[in-house]
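Student: I would like to learn how to read strands, helices and chain contacts in a model like this one. Could you take me through them step by step?

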Amino acid sequence: MTLAKKDVSRVAELARLALTDEEAEQYTGQLTRILGYVEKLSELDTAGVEPAGAALNAQRALREDKTHDPVSNEEAVRNAPSVERGCFKVPQVIE
Amino acid sequence: MNITELAIHETAELLAKKELTSVQVTEAYLKRIGAVDGRVNAFITVTPDEAIAAAKEADERIRRGADVTPITGVPLSVKDIFCTRGVQTTCASRILKGFVPPFDATVIRRLKHAGAVILGKTNMDEFAMGSSTENSAFFTTKNPWALDRVPGGSSGGSAASVAASECAASLGTDTGGSIRQPASCCGVMGLKPTYGRVSRYGMIAFASSLDQAGPMTKDVRDAAIMLGAIAGRDPLDSTSADAPVPDYTAGLDGGIKGMRIGIPKEYFIEGMDSEVSAAVTAALEVLKDAGATLVPISLPHTAYAVSVYYLVATAEASSNLARYDGVKYGMRAADGANLIDMYKKTRDAGFGAEVKRRIMLGTYSLSAGYYDAYYKKASQVRSLITRDFDEAWKSCDVIATPTAPTPAFKIGEKVSDPLTMYLSDIFTISCNLAGIPGISAPCGFTSGGLPVGLQILGKPFDEAALLRAASAYERETGWHKKRASL
């Protein structure tokens, strides 16, 4: 598996990362090496093997939909980089 | 007597006898931190005022003689991955610099409730991604046994703070070995509990199906005490288990006569550091002499564990770290032209190189067209690794292995090669993938004076067996009594 720099740029777009050219170059080589290493998994026949992890403890996931001790609005927005009238403020979304 | 070299249970005994107060013990640790942390760099944040206030409260509790637990008044450090109400929590990342949580993680709440004194927050690899603390956005922690070497990671600050006598014990987290590998590098005890044994609520998520909090301590009894204090069902974490929490200290002296200890051939391989190999082989002889039976076993899918881990953990991380977007907390890049541009610039500036690398790998393996070949395949092989252990338990009660293939390496030695760094976790990763508990116990030193760790793995929810085996070993050898001189 060899990655091209344009694959890395596509993945960076999906991951919402503004990589510099230099970073994209570096990750192309490193990710190719890592993907080469994990290629090892294709040696194994996993036909019919249930994937692990998907349903870990799922039976306990249901609970009553009840509110409890909510944090105050003031506390909830205290860590935000930009706040206006108790709301998170972001750059313009709609033209 | 040097107060800061005492274990939790030794400290608690002196507090109970009124020979010391918690304020005295806390002041001794704060003084020790002041004296050595400039060289060790274990702490990101030290909280002296909160610590002294908690110590005063603990002294009052002890004076009244009501509601005293085995950790009341005992000073601890905690990894900077746990949310602490009113105290900065960074996960060693620029993107969370200045974040002050409005709540405590469940484990922090439990420690406070039991009367523990929290001295501060320890350094780590950013978002727990790494094996050396070199991925911290702030600084690298030094190994107290050799200051030019790494303390291991990601809970390297916690391990170093225990080894440097800057706290009685610490709380770390382990996703692929992040408690056990630094414990091995720093010559302390490190226990990763069974997945679900301890609540993950308020512990900043890396890979949610693997992450688990656990103690890093000066001896086995302390690990048992701390596990008892943090374990148990938490309604705020739906993956926490209902299983009852036993008194983990009860069976420590029971001995290991008749215990069957599995020795997996895949963990004793060519190319391992010869001094590590010798120390672990000697440790197995000690266990045998103490009455255990050594049983040769095989865990045939061991060689695939690192590959599975770096696909599963990065996929989960790419989802978990999507929340860092410059909106709700942490930093925001100033020059975003629009919302999406702000997200991208914030994340590029806020995350370090290793975190970005893992987000990229995880996003790639989950993306359309690659999911079956990578993420699904890895999850299937994870099942095969779990089955290896299920099969092994038919012939043994616990499994003994080295914790890491080498002792602590030199700072800078592996930073340029991510894949070589990943292989530091080769012996610890399977345990997380299978969800079973594991402990690393000090088992000697190399000729250069670097600690070596013995790893013992156990059946799900059988932490008691690990602790009993480690305790029997500790009694016979006394490695845990050695302290780094700084």
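Tutor: Let us begin with a definition: two strands count as paired if DSSP finds at least two bridges between them. Please keep in mind throughout that this is a predicted model. With that rule in hand, look at strands S5 and S6 of chain B, which run antiparallel and are joined by two bridges.

Student: Is S6(B) mostly covered or mostly open?

Tutor: A residue is called buried if 20 or more other C-beta atoms lie within 10 Å of its own. By that reading S6(B) is mostly covered, since six of its six residues are buried.

Student: What joins S5(B) to S10(B)?

Tutor: Strand S5, residues 189–192 of chain B, is joined by three bridges to strand S10, residues 438–445 of chain B, and the two run antiparallel. In this pairing Lys192(B) stands opposite Gly438(B) of S10(B).

Student: In what order do the strands of the whole sheet lie?

Tutor: Chain B has an open sheet of eleven strands, whose order is S1-S3-S2-S4-S6-S5-S10-S11-S9-S7-S8, and the pairing is mixed. At the edges are S1 (43–46) and S8 (293–297) of chain B, each of which pairs on one side only. On average, and ignoring direction, neighbouring strands of this sheet are turned by 30 degrees against each other.

Student: Which helices pack on or lie across these strands?

Tutor: Helix H7, residues 220–230 of chain B, packs on the sheet and touches S4, S5, S6 and S10 of chain B, while its direction makes about 145 degrees with that of S6(B). Helix H8, residues 274–289 of chain B, lies across S7, S8, S9, S10 and S11 of chain B, and runs at about 110 degrees to S10(B).

Student: How should I read the packing of one helix against another, for example H9(B) and H12(B)?

Tutor: Start with the angle and the distance: H9 (residues 305–320) and H12 (residues 372–392) of chain B pack at about 125 degrees, with their axes 9 Å apart. H9(B) and H12(B) are therefore oblique to each other, and their crossing is left-handed. Next look at who meets whom: residues of H9(B), including Val308(B) and Leu311(B), meet residues of H12(B), including Tyr375(B) and Ile385(B). Sorted by class, this contact of H9(B) with H12(B) has ten nonpolar, one polar and one charged residues.

Student: How many residues does each chain give to the contact between chain A and chain B?

Tutor: Chain B gives 49 residues and chain A gives 40. On the side of chain B that touches chain A, H12(B) gives the most, with ten residues. The residues of that side divide into 23 nonpolar, 15 polar and eleven charged.

Student: At what angle do H1(A) and H11(B) pack?

Tutor: Helix H1, residues 5–14 of chain A, and H11(B) pack at about 95 degrees, with their axes 9 Å apart. These two helices, H1(A) and H11(B), are therefore roughly perpendicular to each other. Here Val11(A), Ala12(A) and Leu14(A) of H1(A) meet Met360(B), Thr363(B) and Tyr364(B) of H11(B), and the residues of this contact divide into five nonpolar, one polar and no charged.

Definitions and conventions
Residues are numbered from 1 along each chain as its sequence is written. Chains are lettered from A and ligands numbered from 1 in the order in which they are written. This is a predicted model: local features need pLDDT of at least 70, side-chain atom pairs count only at pLDDT 80 or more; totals for chains, interfaces and linings use all residues. Helices (H or I, at least four residues) and strands (E, at least two) are DSSP runs, numbered from the N terminus. Axes are lines fitted to C-alpha atoms, for helices over the stretch in contact, and angles run from 0 to 180 degrees between N-to-C directions. Two residues are in contact if their C-beta atoms, placed from the backbone, lie within 7 Å. Angles under 35 degrees count as roughly parallel, over 145 as roughly antiparallel, 65 to 115 as roughly perpendicular and the rest as oblique. A crossing is left-handed if the near helix is turned anticlockwise from the far one by less than a right angle, and right-handed if clockwise. Ala, Val, Leu, Ile, Met, Phe, Trp, Tyr, Cys and Pro count as nonpolar, Asp, Glu, Lys and Arg as charged, and the others, Gly among them, as polar. A residue is buried if 20 or more other C-beta atoms lie within 10 Å of its own, exposed if 12 or fewer, and partly exposed in between; C-beta atoms are placed from the backbone.
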